[in-house]
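User: I've got a new model to go through. Can you walk me through it, starting with the ground rules?

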Amino acid sequence: GKSRYLCVVAAGDAKADVREEGRAGLRPPGEEELLAKRRAGRFASEKTEKTEPEDEKSSRALPSATSVLAYLRARHPELGKPAALTARLPLPPLAMAAALAFAKRCVAEETAANPGTAAPEGYRLFLEHCLVKAAPPELTGAATEALLELVEQFPETFAEPADAAAAVARVRHFAAHVDAPTRR
């Protein structure tokens, strides 16, 4: 919880080296070693390495999306309420983008492991907070894509007509213009 949140905050830092360390902390377990091997040119020697026991792998898995979103809501209570289109981002833009990317990874891992699960609690509201006028185009693009994935995977999330209408209006706002200055 807390360490991943600190990585999210670091991923939004002004200094490039701090940002990179923050992003590294949000990567899935084992991905950092794989990236290091590729950089070192030893990717082909992977077959000679020992594989770790299954229980050790599962203990290092990504956290559940619900717990990640709950921790973010605890730190930023506004994430638990609907966001106006004119709302401010609860985190700096780069940190919000890192939080979105991490939440998406957690959702993907969680749904792959448990195909019949419901949408993570608070995910739709989190995406609303990413889709505000104060967000940069990269964040709104990623959030729109995540919202479409949410509709595809969990259509029941939009069973309430008011929730569906709000999501459609928000996406239409950002899809109405193709250039970033006009979108504001």
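Analyst: One definition to begin: a polar contact is a pair of N or O atoms within 3.5 Å, and within protein one must be able to donate a hydrogen and the other to accept it. Keep in mind that this is a predicted model.

User: Fine. How far is the backbone oxygen of Pro137 from a polar atom of the side chain of Thr140?

Analyst: The distance is 3.0 Å. Thr140 sits in helix 8, which covers residues 137–153.

User: Is Thr140 buried or exposed?

Analyst: Buried. Its relative accessibility is 3%, and the cut-off for buried is under 20%.

User: Let's step back. How many helices and strands does the protein chain have?

Analyst: Ten helices and zero strands. Read from the N terminus, the elements go α-α-α-α-α-α-α-α-α-α.

User: And what percentage of the residues count as buried?

Analyst: 35% of the 184 residues in the protein chain.

User: Switching to helix 9. How many residues does it have, and how far does it reach?

Analyst: Helix 9 runs over residues 161–175, so 15 residues, and reaches 21 Å from its first C-alpha to its last. That is close to the 21 Å expected at 1.5 Å a residue.

User: Which residues of helix 9 are buried?

Analyst: Ala167, Arg170 and Phe174. Looking down the axis of helix 9, these buried residues fall within an arc of 65°, so they line one face of the helix.

User: Why would spacing like that put residues on one side?

Analyst: An α-helix has 3.6 residues a turn, so residues three or four places apart point the same way.

User: What exposed residues are on the face of helix 9 turned away from the buried side?

Analyst: Pro161, Ala162, Arg172 and Ala175 are the exposed residues carried there.

User: How far apart are Leu147 and Val168, in sequence and in space?

Analyst: They are 21 residues apart in sequence and 10.0 Å apart in space, C-alpha to C-alpha. Leu147 lies in helix 8. Leu147 counts as buried, at 6% relative accessibility.

User: Last one. Where is Ser64?

Analyst: Ser64 is in the loop between helix 4 (54–59) and helix 5 (65–75). Ser64 is partly exposed, because its relative accessible area is 33%, which falls between the cut-offs of 20% for buried and 50% for exposed.

Conventions. Residues numbered from 1 in each chain as written. Predicted model: local features only at pLDDT ≥ 70, side-chain atom pairs only at ≥ 80, totals over all residues. Heavy atoms only, no water. Helix = DSSP H or I, 4+ residues; strand = E, 2+ residues; numbered from the N terminus. Buried < 20%, exposed > 50% of the residue type's maximum accessible area, 1.4 Å probe, protein only. Expected span 1.5 Å × (residues − 1). Arc of directions from axis to C-beta.
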